[in-house]
Amino acid sequence: MPYIAIVDDEEDLREILEVHLSRKYEVKSFADGLSFIKSLEQKIPDLVLLDIMMDNMNGYEVLSRIRERYPKLQVIFLSAKSQTFDKILGLDLGADDYITKPFQKEELMARVKSHLRRYQDESASTRALEIYRYEKLCFNPQERNLTISDARVDITRTEFLMLSLLSSVPGKVFTRDEILDHVWKDTIVSERTIDVHIRRLRKKLEKYSHLIKAHSGFGYSIERP
């Protein structure tokens, strides 16, 4: 049974989420970021529902700690900060999704289900993919491993799925719809979300950032080796 961690300082919201999610998943809630970070020494969740505005350690700091040690752990921000800038910032910092408060129970359950299914589908979808190499960059989708000059580069699950798709057919331009369908499936996200994650991925590719090509009004591709 998938394990979901809820990190939010609103007790009423934690209790409501626990009631609904515990019907299908193992759930544990935390009133602050520090207690959640400490809990990772005992058990790693499959997905984290994370508030942003918390005392002592806010959601951005918690996410940073998560990404340092568990780059592929799925994180969904739950926040009352509803401006477009806030959503882009959250995604830019490495969140896999962003849901604004207040939200409908049905929307949350659908997104949680979609993200967990993405995790389960990854192995099957990457078995047949070949290793992508370009000079000193090597991406092995079967081992979920990206290296530059033999040094491992940590990428999030969303970045992994995007890179897997692009490298499956180097030189092919994948439309935004194809990328959305492959990475987010039936989860509704804006096209701007693609650009945010591509920007993060390019940054991690460092001197090889040019390999990912943008095709205005259409989509993205990765350069042939």
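Predicted model: local features only at pLDDT ≥ 70, side-chain atom pairs only at ≥ 80, totals over all residues.
1. The parallel sheet. Five strands form an open sheet in the order β2-β1-β3-β4-β5, and their pairing is parallel. The edge strands are β2 and β5 (residues 97-100), each of which pairs on one side only. Between neighbouring strands of this sheet the average turn is 20 degrees, when direction is ignored.

2. Strand β1 and its two partners. Strand β1 covers residues 3-7 and pairs in the parallel sense with strand β2 (residues 26-30) over 5 bridges. Within that pairing, Ala5 has Lys28 of β2 as its bridge partner, while the bridge partner of Val7 in β2 is Phe30. Strand β3 (residues 47-51) also pairs with β1 in the parallel sense, here over 4 bridges, and Leu49 of β3 is the bridge partner of Ile6.

3. Burial along β1. Are the residues of β1 buried or exposed? The strand is mostly covered, with 5 of its 5 residues buried. Tyr3, Ala5 and Val7 point one way from β1, whereas Ile4 and Ile6 point the other way, and all of these residues are buried.

4. Helix α3 (residues 59-69) lies across β3 and β4 (residues 74-79), and its direction runs at about 180 degrees to that of β4.

5. Helix α4 and what covers it. The buried residues of helix α4 are Asp86, Ile88, Gly90 and Leu91, and the elements that cover them include α3, β4, β5 and α8. Leaving aside neighbours within four places in sequence, Asp86 is in contact with Tyr60, Lys81 and Tyr98. After the helix comes Gly94, whose phi is positive, near 120 degrees.

6. The packing of α4 on α8. Two packed helices are described, in general, by the angle between their axes and the distance between the axes. Helix α4 (residues 84-92) and helix α8 (residues 191-205) pack at an angle of about 35 degrees, and their axes are 9 Å apart. The crossing of α4 past α8 is right-handed. On the α4 side the contact is made by Ile88, Leu91 and Asp92, and on the α8 side by Arg192, Thr193, Val196, His197, Arg199 and Arg200. These contact residues divide into 3 nonpolar, 2 polar and 4 charged.

7. The antiparallel sheet. A second topic is the open sheet of 4 strands in the order β6-β7-β8-β9, where the pairing is antiparallel. Why is one side of β6 and of β9 left without a neighbour in the sheet? Strands β6 (132-134) and β9 (151-152) stand at the edges and each has a single partner strand, so one side of each has no neighbour in the sheet. Strand β8 (residues 145-148) runs antiparallel to β9 and is joined to it by 2 bridges, and Ala151 of β9 is the bridge partner of Ile148. Helix α6 (residues 157-168) packs on this sheet and touches β6, β7 (137-140) and β8, with its direction at about 100 degrees to that of β7.

8. Thr158 in helix α6. Thr158 lies in helix α6 and is buried, with a relative accessible area of 0%. Which residues does Thr158 touch, not counting those up to four places away in sequence? They are Asp96, Arg118, Val183, Trp184 and His197. Thr158 and His197 are 39 residues apart in sequence, yet their C-alpha atoms are 7.6 Å apart in space. His197 is also one of the α8 residues in the contact with α4, and the reader may wish to view these two points together.

Definitions and conventions:
Residues numbered from 1 in each chain as written. Heavy atoms only, no water. Buried < 20%, exposed > 50% of the residue type's maximum accessible area, 1.4 Å probe, protein only. Pairing = 2+ DSSP bridges. Axes fitted to C-alpha atoms, helices over the stretch in contact; angles between N-to-C directions. Left-handed = near helix turned anticlockwise from the far one by under 90°. Contact = heavy atoms within 4.5 Å. Nonpolar A, V, L, I, M, F, W, Y, C, P; charged D, E, K, R; others polar.
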